[in-house]
Structure formats: C-alpha cells, structure tokens
Protein chains: 2
Amino acid sequence: MTDAQTRTRTPRPSRAERREEILSAATRVFGSKGYHASSLVDVAEQVGITHAGVLHHFGSKDKLLLAVLEYRHRIDIEHLEGKPGGLDLFRHLVNLNIERRGIVQAYAVLTGESVTDGHPAAPWVRNRFATLRADIAQALREIVDAEVAAAREAGEDAEPVGIGDAELDRAASAVIGAMDGLQVQWLLDPAAVDLAETTAFAIEAILAATLAGARRPRPLD
Amino acid sequence: MTDAQTRTRTPRPSRAERREEILSAATRVFGSKGYHASSLVDVAEQVGITHAGVLHHFGSKDKLLLAVLEYRHRIDIEHLEGKPGGLDLFRHLVNLNIERRGIVQAYAVLTGESVTDGHPAAPWVRNRFATLRADIAQALREIVDAEVAAAREAGEDAEPVGIGDAELDRAASAVIGAMDGLQVQWLLDPAAVDLAETTAFAIEAILAATLAGARRPRPLD
DNA sequence: CCACACATACTTACCGGTTAGTAAGGGCCA
DNA sequence: TGGCCCTTACTAACCGGTAAGTATGTGTGG
C-alpha cells in the first residue's frame, strides 16, 4: 500500500499461476513414477507447499490427474497451431516425441497404467486414441488420394480402386501402435532403439503397404 | 487317529502346487490392477490364505513379481516347444495373444509400469525385449535370405545387396512395438481395433519394407 | 505298529510407515 | 475487515513385513 512495488515485488502466485505450477509438477511426478505410485506429498513438495494445499486447488488426486491430462492436451495443441495434414502430421508426430523424454515417459506410463481395471485415466486415454486414430486416418486419406490421383494422371494401368475407411483405420491404429510400442522400448533401453529412425521406418512401411493396397485389390494371404 | 481318513481326506496342497496357485492368482491380480496397486492381501484371499502365508512362500512382494514373470515365461516357452523360425514365429506371436485377454493385459500393464523409475520388473522386461528383438531379427534374417536367394536364382536384375544387422534390428523393434502398442489400444477399446488383423497387417508391412530394403540400396527419404 | 522328533504351512497379532482426505485456524492482501 | 491461500493437525484406512504360536504333516527308532 505504501509503495507501488508490492504489485510486482513478491508476486504471490495467482490462483491460475499456482495451478499451473502444480500441474507442471504433477506431470513430472506422475510421468516418472506412475499415478498409483505417486503421492500428493511428492507433488506438493515440488511446488513448496503441503499436500493439503494441492487438495485445496484440485479437490482430489483423481481430479488432479484429469487436470494434468487436459493440461498436457492443451499444451500439445497449442504447440500444434494450425493442424498439419498429410505427411506433415507424421513428421510432426515423429519430432514431437524426441523433444523431451519426460513427456514421452508420462504418456507411456499413464497409457500403460490406464488399462488396469477402473483406472481414472482410462476414459481420457480411450478418447485420445479415438481422436488420434481419426486424425491419422484423415491424413492417410489425403496422402492416398493424392497418390492415386497422380498415378491415374500418369496413365498407369493399375486400377486405382481407392481404399476403404476400414483399411485406413487399420493403418492408423498400426501407426499409433508402432509409435507407442517403440517409445516403451526406447524408454527402457535408449541405447537399443533409435526412436526417431525406427518410428519413421515403421510409419513409412505402413504407409507403403497402405498405398500398395490402394492399387492392388489385395496384397497377399 | 481313530480312522485312516485323515491321511488322504483333505490333501493339503504340496509346496509346488500351492506355489502355482499363488502364482496364478498373482498373475491375475497384477494383470488386472498393476503391481503397485495390487496388495498381497488381494493375492492371498484368492488362494484362501492370509497375506502372511503368501510371504511364507515368496519372501517379499518383489520376489513374487519376479516369480510371476518367470512363471509366465516358462509357460510361454512350454507352449512354444520347438522354437519356430521364419514366418512361423510371426504366426505364433499373433495367435498367442488372441488366446487370452488376461495374459495380454498382464504383459501390457507390467510392461507399461516398468518404465517408471526403479521399478522391480524393469530389468526383466528390458531383458525380455532384448531376447525378443534378437529372435525376431533372426527370423527376419531367414526370411530375407530365402527371398534374396530365390530372387537371385530367378535371375532378377536387382542387386541382392542383402541387408545389415542394424536394419534387421530396426525392423524387429518395429514389429515388437506395433504388437505391444496395438495390444494397449485393443485392451482399452476392443471394438475399435481388430487385434489379429491389424497386427498381421503391421507385421506384413514391416516385412515388405524390409524385403524392399534388401533389394534396393535405399527406399526413400 | 506306534511314539516321538522334527519340518513344513499357515494364522494371528502387531509394527512402523504412508496414503488420501478433512477440519480448523492463521496470515496476507485488497 | 473480509476473503482467499495455505498450514497444521488429525483421522481412518491400508500397506509390506516380522514374530510367534499352532496345526498338520512326515520321517525314524523301538
């Protein structure tokens, strides 16, 4: 009151700032130890408060987890800006994971944990997979359509039968699966797996197989 | 004492039988709830004893976990008998997972959980990945060699440059990753993913890309 | 065939520690 | 002064692990 410096001197974090601090800490803790193995005390002492202080902001541990997931999702789409389509989406996905090991670990741990019975993150993860599957299928559709159109324009003799939604969904699931599975291997043994290279290889392989299926009626079997 | 029925009436399970009962129950519990979220009481009451009885047989919760992993591994290789090589290995791997959802869940949960800091199952899972990677790389080697030899014999003009171990390891990692990642998606939403079909598709795609790489110097980039 | 010695399998009881969540009050800031 | 942030203090539950006692065997010597 006496002077104006109180305004910016020791700005006690506003509610929103404090919440972000807690969310950031919780992301770190949940990511490194998993949800069940983490405690509110772990999270709280990283922010410099007590675990009751955390509960003051988020009510319960489950609610904090969901807030963390939403928080990460919000960050992700902020970094994404204008959603890339087609091949750019895959380039983006490959690069995204290399940036920070912590983020990869958080996703891998929480995703793996979510398949346990009645896990609070299960609905969120399920929904995330569905969205991701749809986005990737859409990107694949763009690539396949462009490729088929190019082949047709070039006057190829192959019949451009196109490709159904089921095949695209299948390919999208395979892409997501390869990415997630490789992340786990990489986290456990970084020296044994080159994450970026192997992920790119797997995606290219699936993409090539999908394109092949778009031209021929059926590849093999 | 008065009669002889005491001898065979309630034949208390032998040590080996009891241990198997506990291991089976622990597999079920750890698989459905994860390791950290499970308690020895959970396991014990499925066998009809107390948690101290479980500790009598296995010493500690960590040792029980490791015993469960070894137990499952032993069952797996018993079912495998003479190790199949080449394409048979992949057929086996695809079919293995469809048999029982519980087993898939146990592997998925424990594998995902193992990437947390200092998890007791981490060394075991890491070693399992290494072994699996080597086995699959070997199977791929057989397939590629056979294919290249056939192409050469057919007098193709393509240069059969063969393929290096690094490429095989990369492909093997991709195969394992796709399998594991698809299992997680399937566990979370069985209606959204056809596990067998999508896994087969992914493996075929990676196999085709590997074979393509064995003929041409480099596919794309 | 039996009695005794011993080992095994388990139970009951308890320990120290940790958990999420609640209640109430203190202190800072407008 | 009044409201918000957070701490202190606490509860009830649960955890893995230990210790000690008990029932159920099983092997052995007479």
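Predicted model: local features only at pLDDT ≥ 70, side-chain atom pairs only at ≥ 80, totals over all residues.
Two residues are in contact here when they have heavy atoms within 4.5 Å of each other.

The contact takes 44 residues from chain A and 44 residues from chain B. Of the interface residues of chain B, 100% are also interface residues in chain A, so the copies meet through the same surface.

Next, show the surface. Between the two chains an area of about 3,600 Å² is buried, and carbon and sulfur atoms give 69% of it. Now pick R170(B), L188(B) and F201(B): these residues supply 19% of the area that chain B buries against chain A, more than any other three residues.

Turn to the polar side of the interface. Salt bridges between chain B and chain A number zero. Polar contacts are present, with 12 residue pairs across the interface, both residues being at pLDDT 80 or more.

Then colour chain B by element. Two or more residues on the side that touches chain A come from each of helix 2 (15-33), helix 7 (101-113), helix 8 (122-153), helix 9 (165-188) and helix 10 (195-215) of chain B. Select helix 9 of chain B, which gives the largest share of that side, 13 residues. By type, the residues on this side of chain B are 22 nonpolar, 14 polar and eight charged.

Finally, view both chains together.

Key: Residues numbered from 1 in each chain as written. Chains lettered and ligands numbered in written order. Heavy atoms only, no water. Buried area = accessible area lost by both parts, 1.4 Å probe. Salt bridge = Lys/Arg side-chain N within 4 Å of Asp/Glu carboxyl O. Polar contact = N/O pair within 3.5 Å; in protein donor to acceptor, adjacent residues only side chain to side chain. Helix = DSSP H or I, 4+ residues; strand = E, 2+ residues; numbered from the N terminus. Nonpolar A, V, L, I, M, F, W, Y, C, P; charged D, E, K, R; others polar.
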